[in-house]
Amino acid sequence: MKLNVNLNTFKGGIHPYEGKEYTNDKMITPIEGSPEMVFPLAQHIGASAKAVVKVKDEVKVGQLIGEAQGFVSANILSSVSGILKCIEPRLDASGTYKESIVITNDGLYTKGYEEHKNDISSLSDEDIIEKIKAAGVVGLGGAGFPTHVKLSPKDRSHIDYIIVNGAECEPYLTSDYRLMIERSSQIIEGLKIVLKLFPHAKGIIAIENNKPEAIRTFIQKCALEDQIEIKTVYTKYPQGGERSLIFATTGRKIYSKMLPADAGCIVDNVATMAAIYQAVMFDHPLVTTIMTLTGDAMNEPCNLEVPIGTNLKYLVEKNGGFKENPEKIISGGPMMGTALMSLDIPAVKTSSSILALIKDEVSMCEETACIHCGRCLDVCPSHIAPQLMYQSAMKNNIDKFIKLNGMECIECGCCSYICPAKRNMTQSFKKMKRLVIASRKK
Ligand code: SF4
Ligand code: SF4
């Protein structure tokens, strides 16, 4: 094991209020699901899964209920036992209705899969990939890209680095941090399984320097691992963004038209590594997600292991509720998370947090004229020109937006955060990128 003590980072970025003190020391507590569980068939990047169960079927924990369709897709497995109530569109975090399997939870959690302890050394690469696919593992850092696809690049010998993302740079979130403290062995074993698939690659576990306990834990546990290096990265947002992390840990650059694999890298979040370990070692399906319930409106901030499909309103009520009616509720972190219109939605594989804030400070800000201070330019990790891009976005000028390399925007929100004129640039860039993608499809 090598320890890289230099603080690796990238150019740009910001230092928002961290807010991690609410839940930093709160251990992960497993909880039970809600009486009604909802499983959207599209909770990953790629094609929706196809329901393979029907109304009134009896369902068990770990049972396949949605089967991956096509190359980029993922299985959905039930996190509870019970009776299938209906298959119908249900609201999700994006504010849209998605076809979902609804199960009435019988509260018994009857298992529908066998517990194994596999001998990893006897598994072929195909066996490993198949187990990850069967378990429905996707990128749990937010993207939800099917992991069995990510681990199957054209040429495995071209991959030089497997980077484990333990940065958790989003303010308030501590679910990854707690996982690193409490289940570090699972993360390391998951990485070793992935390294078995990529014999020429080195493993890098990247952790921000505001998590000294996690850094210490990994240094101790990886002391004898020659193929694994612990890299301490500088605490700065968006340090955990794929491009920022690849640059900080390897010095390699990627652009919007490249995949990390094109730069010889594969990046997976710490929770994904633990899920890989569970899937390959024990044939455990991915049926829970670790979530941080936090913010000044939350009565009892905590870290929970939540069965996928659990109703978020039920989750909050069962775990202390709100001390004050929040003006803003966000799924995920304050920088890249999604503002929720309703809590009557399910936890999905990529759910990492419910952030409840008493005041919605962003909506109180009034946008004023640009004062040409250049701060947005300084903080942009993609090294593009947010101020000029915003001008093109205001005029819906797609050609200009493309010319200004607007498609390189990673939607991190740094420009909007730093802007003294409170210009809501990131939202307009998201819209412009959607327009460009739609125009290219035509
Ligand atoms: S949102 Fe886009 S333009 Fe703004 S700082 Fe982030 S990458 Fe740059
Ligand atoms: S930070 Fe805001 S005010 Fe300053 S140059 Fe950028 S858009 Fe203009």
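Is Asp160 buried, partly exposed or exposed? In this predicted model, Asp160 is partly exposed, with a relative accessible area of 27%.

## The Arg252–Asp160 pair

Asp160 pairs with Arg252 in a salt bridge. Their closest N and O atoms are 2.8 Å apart. Asp160 sits in the loop between α2 (147–150) and β10 (161–166), and Arg252 in the loop between α6 (242–250) and β13 (265–269), so the bridge ties together parts 92 residues apart in sequence. Arg252 is also partly exposed, at 27% relative accessible area.

## Glu225 and Lys192

A salt bridge links Glu225 to Lys192, with 3.0 Å between the closest N and O atoms. Glu225 belongs to the loop between α5 (212–221) and β12 (228–233), while Lys192 is part of helix α4 (residues 184–197), so this pair joins parts 33 residues apart in sequence. Lys192 is partly exposed, with a relative accessible area of 31%.

Glu36, Lys85, Glu88 and Arg90 form one network through salt bridges that share partners. Within it, the side chains of Arg90 and Glu88 meet at 2.7 Å, N to O. Glu88 is partly exposed, with a relative accessible area of 29%. The structure holds 20 salt bridges.

## Pro16, a buried loop residue

Pro16 lies in the loop between β1 (2–8) and β2 (28–30). Its relative accessibility is 15%, so Pro16 counts as buried, the cut-off being under 20%.

Beyond its sequence neighbours up to four places away, Pro16 touches Pro171, Tyr237 and Tyr417. The C-alpha atoms of Pro16 and Cys414 are separated by 9.3 Å, although these residues are 398 residues apart along the chain.

Note on methods
Residues are numbered from 1 along each chain as its sequence is written. Chains are lettered from A and ligands numbered from 1 in the order in which they are written. This is a predicted model: local features need pLDDT of at least 70, side-chain atom pairs count only at pLDDT 80 or more; totals for chains, interfaces and linings use all residues. Side-chain values use heavy atoms; hydrogens and water are left out. Helices (H or I, at least four residues) and strands (E, at least two) are DSSP runs, numbered from the N terminus. Buried means under 20% relative accessible area, exposed over 50%, partly exposed in between (1.4 Å probe, protein chains only). Contact means heavy atoms within 4.5 Å. A salt bridge is a side-chain nitrogen of Lys or Arg within 4 Å of a carboxyl oxygen of Asp or Glu.
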